Structures are given as structure tokens and as C-alpha cells.
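Welcome, and please open the model in your viewer. We will go through it one selection at a time.

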Amino acid sequence: MITQASTGHGTGNDFVLVLDPQGANDPTELQTALLADRRRGIGGDGVIRVVRSADSGIPGAEQAAAAGAEWFMDYRNADGSLAEMCGNGVRVFAHYLMERGLVDAHDFPVGTRDGTKRVERIADPRGGPEAWYRVDMGEYRFPRGSDGADSLVETDGIAVARPALSVDLGNPHTVLALASRAELDAADLRRPPRVDPVPPEGTNIEYIVVDPASGHEPTGAQETGAQAAGAVRMRVHERGVGETFACGTGACAAALAARSWAGAGAPDYWFVEQPGGTVRVEVAGGRAYLSGPAVLTAEVTPSPELTAALEALAG
Ligand SMILES: N[C@H](CCC[C@H](N)C(=O)O)C(=O)O
């Protein structure tokens with residue numbers, strides 16, 4: 001029975017969070033979809049169950065517990081489907097743990113379906129009021145090679161299918177570069193884009209414009225020291241959700257694709273500007289690091305009607 005929930009977002013990618021320490025409330029797909037429903041439920045791009053790794057019964061969670069990750073981020077997309085990782089969600093998850101006093105460190109491991117991730121609370125590099133977190137997203141992969149493209153993506157509003165590069169951040173991504181901001185704005189993401197070859201597990205699709213003039217240089221210098229920074233504008237059609245204001249794993253995939261296409265000497269720091277806000281991606285030692293804000297927005301008590309509707313959808 002879900003009697004309490006919270007909501008939060010990372011750069012406008014928002015989530016319903018449900019505390020379930022003992023893993024007693026593993027929601028069904030239909031229950032998850034109702035919680036995420038913006039009209040009939042609470043509303044969010046995804047649902048995050050906050051569960052103790054040792055009690056979750058989720059494959060791999062025992063290893064997370066053994067690695068010191070007391071808490072496990074059990075993430076599901078708005079359609080109820082499971083996903084391996086959520087970059088914006090893990091920042092909100094970490095913020096929830098800190099704000100609730102469920103962890104007492106500023107740098108701690110958390111469990112995810114893509115393994116244990118280290119999260120560190122940092123100051124907003126622009127001096128703003130929001131809590132920022134830096135996440136070691138782990139090793140990334142180009143499943144079908146990193147030079148050029150391995151897929152074609154057909155999108156409403158974009159003339160002809162465009163080449164795209166597959167990037168794996170624990171969850172699948174397909175990144176394509178557009179020629180201009182106007183073309184980026186013209187993409188109509190109300191219908192799912194068509195990817196060829198069809199990815200067997202589905203994919204998150206990122207549309208980017210590499211945008212050195214995006215105005216991040218001065219800020220970038222503050223945040224990256226002397227290092228040059230790349231800048232990308234991005235929109236995303238997320239697997240299991242649709243278009244969202246931001247995607248953390250997608251921002252990493254976008255930066256990694258732009259860095260690969262830029263060739264030798266490309267920056268290791270990238271600012272990825274999305275409709276919901278800007279995050280920073282660092283690449284080092286074959287790993288990606290994602291930094292960005294996290295905000296808790298509300299505490300929610302489901303009404304008796306919603307509670308009854310959720311119970312009716314129990315497994
Ligand atoms: N829709 C994604 C999961 C959420 C990713 C996104 N919200 C993020 O911040 O990384 C998938 O099915 O792989």
C-alpha cells in the first residue's frame with residue numbers, strides 16, 4: 001500500500017519517489033503507470049522506489065549492499081517499464097536520501113540496475129541555490145563502434161532519415177547530430193522516431209546541435225579550470241516516456257558522441273543544454289561523470305480514491 005510519496009526533478013526531468021525500505025511494495029507496471037500519470041495519478045517521467053539494497057530482492061542489489069550502497073534506486077519509466085539507469089533520477093534519489101537524513105555522508109555509493117554508482121554532493125558551479133550532485137556514471141560503450149554512425153533515424157519534422165551513433169550508458173542511446181538550432185526546434189517528437197535497425201531493447205534518442213557559441217565558454221572556464229569545454233544543445237525522445245525536458249544518461253551519450261565525432265583533441269568537458277536546463281559531462285579514463293542539480297518539489301499523500309485504484313492494480 002502506497003500511503004506517501006514525494007516528487008522531485010533534475011533539470012525538469014521529474015519523478016515520483018516512494019520510500020519502501022523493506023521492499024514490501026514492488027509496484028506492478030500498471031501501478032507505476034498510474035503513479036506517473038499526470039492527470040489520474042501523481043505525475044512524473046518516472047517512478048523511483050527507494051529501497052534498501054539488502055532487502056530489495058533485485059538482482060545485483062546484494063553486490064551493491066556489499067559495496068556499501070545501503071540504498072537502491074529502483075527506477076521505472078512512466079509506462080511502467082524497467083530501465084537500467086537514470087542520470088537525472090539518481091541525483092534526485094541522492095538528494096532525497098540526504099534531505100531525509102537516510103545517509104549522513106556527502107559522497108556515497110548507491111545501488112542501481114546498472115551497478116553501484118558513486119554520488120557526491122557539490123556546490124552549484126554557477127553559485128546558484130540548488131543542490132548539485134556529481135555522479136560517476138561508470139564505463140560507457142559504443143556497442144557498434146565509435147566512428148561515424150551505425151543507425152538511421154527517421155523523425156517527423158526532419159527531412160530524410162539521419163545517421164546516428166549508438167552509445168551505451170547501461171541503458172541504450174541513439175544520438176544524431178542536426179545541422180542547426182532551427183532544425184532541432186523543427187523535430188516533432190510527439191510520435192516515436194523510427195530507428196533502423198530496430199534496437200531490440202528499444203532506445204533513447206538524442207538530437208543534438210554541437211554549439212560552441214552556446215555561451216558556456218566563460219562559465220565553462222570557471223567550472224573546468226583551464227580546460228576547454230564543448231557545448232551541445234539537445235532534445236530527447238526517451239524510451240518508455242516520450243519527449244522529456246532532459247535526460248541525464250542521454251546528456252552523457254550526447255557528449256560522448258560529440259566528443260567522438262570531434263576526433264583527437266576533443267574536450268573532456270561538455271555542457272549539455274536541454275529544454276529543462278544544463279548539465280555538465282566529464283569524460284575521463286573511459287568513464288563518464290554527470291554533474292547537475294536536484295530539487296525535491298512536494299510531499300504527496302494519495303487520496304483514498306487513488307489508493308484504492310492503486311490497490312486494484314496490485315499483482
Ligand atoms: N528512459 C530511460 C531511463 C531514464 C533515463 C533518463 N531520465 C535519465 O535521466 O537518464 C530508459 O528507458 O533507458
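Into which domains is the protein chain divided? Select residues 5-139 together with 295-312 for domain 1, then 151-284 for domain 2. These bounds come from an automatic or database domain assignment.

Before going on, a word about what you are looking at. This is a predicted model: local features need pLDDT of at least 70, side-chain atom pairs count only at pLDDT 80 or more, and totals for chains, interfaces and linings use all residues. Residues are numbered from 1 along each chain as its sequence is written.

**Colour by confidence**

Next, colour the chain by pLDDT, the predictor's confidence in each residue, from 0 to 100. The mean for the protein chain is 94, and 95% of its residues reach 70 or more. Now select 215-219: here the pLDDT is below 50, and beyond near neighbours in sequence this stretch has five contacts in the model. Two residues are in contact if their C-beta atoms, placed from the backbone, lie within 7 Å. For the complex, the predictor gives an ipTM of 0.99 and a pTM of 0.96.

**Show the cartoon**

Switch to cartoon view and you can look for eight helices and 17 strands. These are DSSP runs, numbered from the N terminus: helices are H or I with at least four residues, strands are E with at least two.

The contact between them takes 20 residues from domain 1 and 22 residues from domain 2. On the domain 1 side, select α4 and β7 (131-139), which each supply at least two residues. By class, that side has six nonpolar, nine polar and five charged residues. Here Ala, Val, Leu, Ile, Met, Phe, Trp, Tyr, Cys and Pro count as nonpolar, Asp, Glu, Lys and Arg as charged, and the others, Gly among them, as polar.

**Zoom in on the ligand**

How many residues surround the ligand? There are 18, and the closest are A83, N88, N171, G248 and T249. A residue is near a molecule if its C-beta atom, placed from the backbone, lies within 6 Å of it. Highlight α4 (87-99) and α7 (248-262), the elements that give two or more residues to this shell. The shell has four nonpolar, twelve polar and two charged residues.

Why does the ligand lie between the domains? Domain 1 and domain 2 both give residues to the shell around the ligand, so it lies between them.
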